[in-house]
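Me: I have a structure open and some quick questions about side chains. Can we go through it?
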Amino acid sequence: MASLSEEVLLVVKKVRQRKQDGTLYLMAERIAWGPEGKDRFTVSHLYADIRCQKISPDGKAKIQLQLILHTGESTTFHFSNESSALKDRDAAKELLQQLLPKFKKKANKELEEKNRMLQEDPVLFQLYKDLVVSQVISADEFWANRLGDINSSDPTPYNNKQDVGISGAFLADIRPQTDGCNGLRYNLTADIIESIFRTYPAVKQKYGENVPHNLTEKEFWTRFFQSHYFHRDRINTGTQDIFSECAKQDEKGLKSMVVQGVKNPLVDLLSLEDKTLDEGYGASTTTPSTSSANRTVKESSNAAIIKRFNHHSAMVLAAGSRKGETPTDQASETSSTDGNSRDSDFFQPPVKKVRLQEAIEYEDLQRENRLKTVALNLKKSDRYAHGPVPLQSQHYTTSQDIINSVNYIRHEMVNYKPNLTQVLSSTAASSAITALSPGGVLMMTGTQQAINQMVPTEVQGELKHLYAAAGELLRHFWSCFPVNSPFLEEKVMKMKTNLERFQMTKLCPFQEKIQRQYLSTNLTGHLEEMLQTAYSKFHVWQTRRMLRKT
């Protein structure tokens, strides 16, 4: 069952799984199901292992929730409470919809880190194949001590996520699908909902006011896609529409943007207006047209579309620069940096001058202000390169002394007469021959070199991999001591089973292969000794444990 430290977020009773009644639990990090009358979970999935969830259509007789894992397996839960089945299913679905994206980002980060470590370390990749792929140990045990930074208790790496920009066409990418009953179905993901909230804060405000107090999440988004706020002609807006206030707020925001204008003094938007006459050629006089009444509706419709495009583009740009500050903070920041306030005249140059400097100055073309260096006039550069040499009170050998010494040695070599019989005694010679013979004291390294030459390179590589795998398993085994908790007891017994499995599946086939190649050298003796030491330690611990129980 759930441990004492696990937080249970939702409990749903009368949920069937494989035609058996039970209870569904949604906890902080996993979802679990247990049959009635039993104190254990028969189904348990971590949120990080769940790829997506699916629900049965509204008109179906059975109200079901299906979980699809990253491995391709699926688990289906049937909500069988007649009075509140639909409500229970929707509550579980909405909670999962909030929890899955958080653990999905964490699972993706862990997967990227694992792939990076395996690609950068060939030894680790080989160790992974020897232990995990061959099913000696599980993948969780293999990565237990290698992902300390990611699996640490500090959740800051996941909270400080990178800010992602918003696509200007994210609303157009929401393509509805027909449901077969003259209706449309919109598939909303967490990213699309986040983009809508970031682009239109008014919609986020309405969501917080109505969900889940007045409307369910499904009803809220249904009204959003049916509203004039989404299908925006902005000419007629219903008074009963909850998004009518959002449209009015957008109108005020757009007018404030127009009044505020563009802060860049180098950009003149008025130059883009249509003119019948150029500047300096008089004023144009427009005569009223007879079809002006007919063109009013069309022009207002076109103006609404253009206004909508401009507002949408402005909100997308604002969402990219908005990082959680309040509007008052934004206003104060704008007023302090636009160059129009009184304080800006004292603390920074005018905006136009700054813009001109940015347009005409390039940092990479400017001269570097380096410090002036003084050229050294060295008389003896070798002494400067080698550093100071301490003077000592000793006799220095001159070049003439060296020449005299060479001549003396040459004269002695000319008159040299060898006497080999008196160089070494017979006893010393026989002992030297014995020491230098194969098997002698001075030939031990030579024997090892012969063994290395006798073993093929492929066998040496396999032996290295066996040592790495055995060292990894033994590291997990010895880290369990002293065994002072139930978790360590379970782990040490599991690691002893893994060591035996490694010896049977990896070490024994390697020994048989060496014997078939007629190699008399025992290459696995040290490995067997390490394993036997671990087995002895386990038997001693198990004996003491049994004595304590009795």
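Me: Leaving aside neighbours within four places in sequence, which residues is His45 in contact with?
Reply: His45 is in contact with Arg30, Ile31, Ile50, Leu69 and Thr75, leaving aside neighbours within four places in sequence. Contact means heavy atoms within 4.5 Å. This is a predicted model: local features need pLDDT of at least 70, side-chain atom pairs count only at pLDDT 80 or more, and totals for chains, interfaces and linings use all residues. Residues are numbered from 1 along each chain as its sequence is written, and side-chain values use heavy atoms, with hydrogens and water left out.

Me: Is His45 buried or exposed?
Reply: Buried, at 15% relative accessibility. Buried means under 20% relative accessible area, exposed over 50%, partly exposed in between (1.4 Å probe, protein chains only).

Me: New topic. How many aromatic pairs are there?
Reply: The structure holds 14. Rings of Phe, Tyr and Trp (its six-membered ring) pair if their centres lie within 6.5 Å; planes under 30 degrees apart count as stacked, over 60 as edge-to-face, the rest as tilted.

Me: Why is the pair Phe477 and Phe481 edge-to-face?
Reply: Their planes are at 65°, so the pair is edge-to-face. The ring centres are 5.4 Å apart.

Me: What are the relative accessible areas of Phe477 and Phe481?
Reply: Phe477 has 0% and is buried. Phe481 has 18% and is buried.

Me: Which residue lies over the face of Phe481?
Reply: Lys537, at 5.1 Å from the ring centre. A charge sits over a ring if NZ of Lys or CZ of Arg is within 6 Å of the ring centre and within 35 degrees of the ring normal.
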